[in-house]
Amino acid sequence: MADGFTDTFRNVLTQHGLIDFFSALAISEEVGVSKPDPLMFRTALDAMGVSESSYGRVVMVGNHLGRDIKGANDLGLVSVLLSWSPRRSKVPANAGEVPAYTIDTPLE
């Protein structure tokens, strides 16, 4: 799931040899909304065949409290904040932005 332009994300993933690791992409330009809109999350989940009854078993890792964490929490996903970006706030603005877990590096 990514907010932005389709060509940008497809080019970056292809350039770094990662595109084949994804069975589904939900990019805001294609979906017509941006995170934390539930449609972004549901588009990705539907593309992977994840039923709503299984949402609580899905882990969403993101670096933006207001987009990634709030969107995941609103749907009952397990939210994980990747707090490595100095550009992003680490302080939740409200209860909806509180992650279930926080990690400092992708390897965690």
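**Entry 1: terms and ground rules**

Buried means under 20% relative accessible area, exposed means over 50%, and partly exposed lies in between, with a 1.4 Å probe and protein chains only. I used that cut-off on M60: with a relative accessible area of 10%, M60 is buried.

I am working from a predicted model, where local features need pLDDT of at least 70, side-chain atom pairs count only at pLDDT 80 or more, and totals for chains, interfaces and linings use all residues. Residues are numbered from 1 along each chain as its sequence is written, and side-chain values use heavy atoms, with hydrogens and water left out.

**Entry 2: the whole chain**

I looked up the secondary structure first. I found four helices and three strands. Helices (H or I, at least four residues) and strands (E, at least two) are DSSP runs, numbered from the N terminus. The order from the N terminus is α-α-α-β-α-β-β.

Next I checked the overall dimensions. The C-alpha atoms fill a box of roughly 35 × 35 × 25 Å along the principal axes. The radius of gyration is 14 Å, which agrees with a compact globule of 108 residues, because such a globule would have a value near 13 Å. That radius is taken over C-alpha atoms, and the globule rule is 2.2 Å times the number of residues to the power 0.38.

How much of the protein is buried? Buried residues make up 30% of the 108 residues. The protein exposes about 6,700 Å², and carbon and sulfur atoms supply 54% of it. Accessible areas come from the Shrake-Rupley method with a 1.4 Å probe; for residues, only the protein chains shown count as cover.

I also looked at contacts, meaning heavy atoms within 4.5 Å. Of the contacts with a separation of 6 or more, 38% join residues 24 or more positions apart.

**Entry 3: the core**

Which residues make up the largest nonpolar core? I listed nine: M40, F41, L45, Y55, V58, M60, A72, L75 and L77. α3 (38-47) and α4 (65-75) are the elements that give two or more residues to this core. α3 gives the most, with three residues. A nonpolar core is a set of buried Ala, Val, Leu, Ile, Met, Phe, Trp, Tyr and Cys residues joined through side-chain atoms within 4.5 Å. In soluble globular proteins, nonpolar side chains tend to be buried together.

Leaving out residues up to four places away in sequence, L45 touches V50, Y55, V58 and L77. M60 is found in strand β1. M60 and D74 are 14 residues apart in sequence and 12 Å apart in space, C-alpha to C-alpha.

**Entry 4: helix α4**

Which residues of α4 are buried? I noted L65, G66, D68, I69, G71, A72 and L75. Their cover includes α3, β1 (59-62) and β2 (78-82).

L65 lies in helix α4. L65 counts as buried at 4% relative accessibility. Beyond its neighbours within four places in sequence, L65 is in contact with K70, L81, S89, K90, V91, P92, E97 and P99. Its C-alpha atom is 9.5 Å from that of P36, 29 residues apart along the chain.

G71 also lies in helix α4. Buried or exposed? G71 is buried, with a relative accessible area of 1%. Not counting residues up to four places away in sequence, G71 touches P36 and F41. The C-alpha atoms of G71 and M40 are separated by 8.7 Å, and the two residues are 31 apart along the chain.

**Entry 5: backbone points and a loop**

Then I went back to P36, in the loop between α2 (28-31) and α3. The peptide bond from K35 to P36 is cis, with omega near 15°. Most residues other than glycine have a negative phi, and most peptide bonds are trans.

My last stop was S85, in the loop between β2 and β3 (101-103). S85 is buried, with a relative accessible area of 11%. What does S85 contact, leaving aside its neighbours within four places in sequence? I found N63 and K90.
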